[in-house]
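I am new to it and would like a plain explanation.

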Amino acid sequence: MAIKGVLWDMDGVLVDTGDFHYQAWSSTLDQYRIPYSREKFNETFGMNNWSILALLLGPQLDQDTYEKISNQKEESFRQVIHGKVKLLPGVLKTLENLQSRGIRQAIASCAPPENIAALVDELQLRNHFEAVVSGYAMAGKPAPDVFLAAARAIDINPHECLVIEDAVTGVKGAKRAGMACLAVTNTHPAKSLGEADRVVDSLDEINQADWEILLR
């Protein structure tokens, strides 16, 4: 079955936001005296905020605490990215190539909708996507919810979708959605992304012949 839709994760796939997220989490959690490290950040990258805070705080996490810390962290993130974010290598070329082939494209990210909007506008990407879907209020990856919602938004059967991901949880979510998956090692090593159909170090590695295979 040929691929008719491509669903893009955002953080770590379209744009390298890792350091900005780490800065925002570190500064926010420090105010609450919650221990945090780069190792913990790497472990939780790709999860939604509830999953991250539940891991850090355990059973004591309640809705009010979650909303207070999460909202503060996201406000901090939107402040630090302004004028500093750049597309990752090969992204623009890939977006244009897929668009020229008539492939429908969507963003499928667990980030808050405000963050997605800020990044899409900062990077001037709106004309490349037919839909922008936030899974912020859905079950977090590896649950397949955000990918299934994005497939519905562009009216493509899940089995005709290819997901581009960088996180272990994202790859698992794509496969649970019944979708093909291309993983990029921007955040995790190749050995951690083995469930993907193909793993590359950069989208620049993929030539036209490769795309013919991937889209089949």
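**A guided reading of the chain**

Proline 142 sits in the loop that runs between strand S3 (131-134) and helix H7 (145-153). The model is a predicted one. The bond between lysine 141 and proline 142 is a cis peptide bond, with omega at about 20°.

Two other loop residues have a backbone feature worth a look. Glutamine 124 belongs to the loop between helix H6 (113-122) and S3. Its phi is positive, near 55°, and the residue is not a glycine. Is glutamine 124 buried or exposed? Its relative accessibility is 68%, so glutamine 124 counts as exposed; the cut-off for that class is over 50%.

Aspartate 155 is the second case. This residue comes after H7, in the loop between H7 and strand S4 (161-165). Aspartate 155 is not a glycine either, yet its phi is positive at about 60°. With a relative accessibility of 65%, aspartate 155 also counts as exposed.

In H7, the buried residues are Val146, Phe147, Ala149, Ala150 and Ala151. An α-helix has 3.6 residues a turn, so residues three or four places apart point the same way. Which elements cover the buried residues of H7? The cover includes strand S1 (5-8), strand S2 (104-109), S3, S4 and helix H8 (168-176).

From this helix, turn to the whole chain. It contains 9 helices and 6 strands. A compact globule of 216 residues would have a radius of gyration near 17 Å, and the chain agrees, because its own value is 17 Å. Along the principal axes, the C-alpha atoms fill a box of roughly 50 × 35 × 30 Å.

Of its 216 residues, 51% count as buried. Among contacts with a separation of 6 or more, 65% are between residues 24 or more positions apart. The accessible surface comes to about 10000 Å², and carbon and sulfur atoms account for 48% of that surface.

The aromatic rings come last. A pair of aromatic rings is described by the distance of the centres and the angle of the planes. How many aromatic pairs does the count give? There are 4 aromatic pairs, taking ring centres within 6.5 Å as the rule. One of them joins tryptophan 50 and tyrosine 66: the centres are 5.0 Å apart and the planes stand at 70°, which is edge-to-face. Tryptophan 50 lies in helix H3 (residues 49-57) and tyrosine 66 in helix H4 (residues 63-81), so this pair ties together parts that are 16 residues apart in sequence.

Tryptophan 50 counts as partly exposed because its relative accessibility is 36%, whereas tyrosine 66, at 10%, counts as buried. Elsewhere in the chain, ring pairs link Tyr22, Trp25, Tyr36 and Phe41 into a cluster.

Technical notes: Residues numbered from 1 in each chain as written. Predicted model: local features only at pLDDT ≥ 70, side-chain atom pairs only at ≥ 80, totals over all residues. Heavy atoms only, no water. Helix = DSSP H or I, 4+ residues; strand = E, 2+ residues; numbered from the N terminus. Buried < 20%, exposed > 50% of the residue type's maximum accessible area, 1.4 Å probe, protein only. Rg over C-alpha atoms; globule rule 2.2 N^0.38 Å. Contact = heavy atoms within 4.5 Å. Areas by Shrake-Rupley, 256 points an atom, 1.4 Å probe, with all protein chains shown as cover. Phe/Tyr/Trp six-rings, centres within 6.5 Å; stacked < 30°, edge-to-face > 60°.
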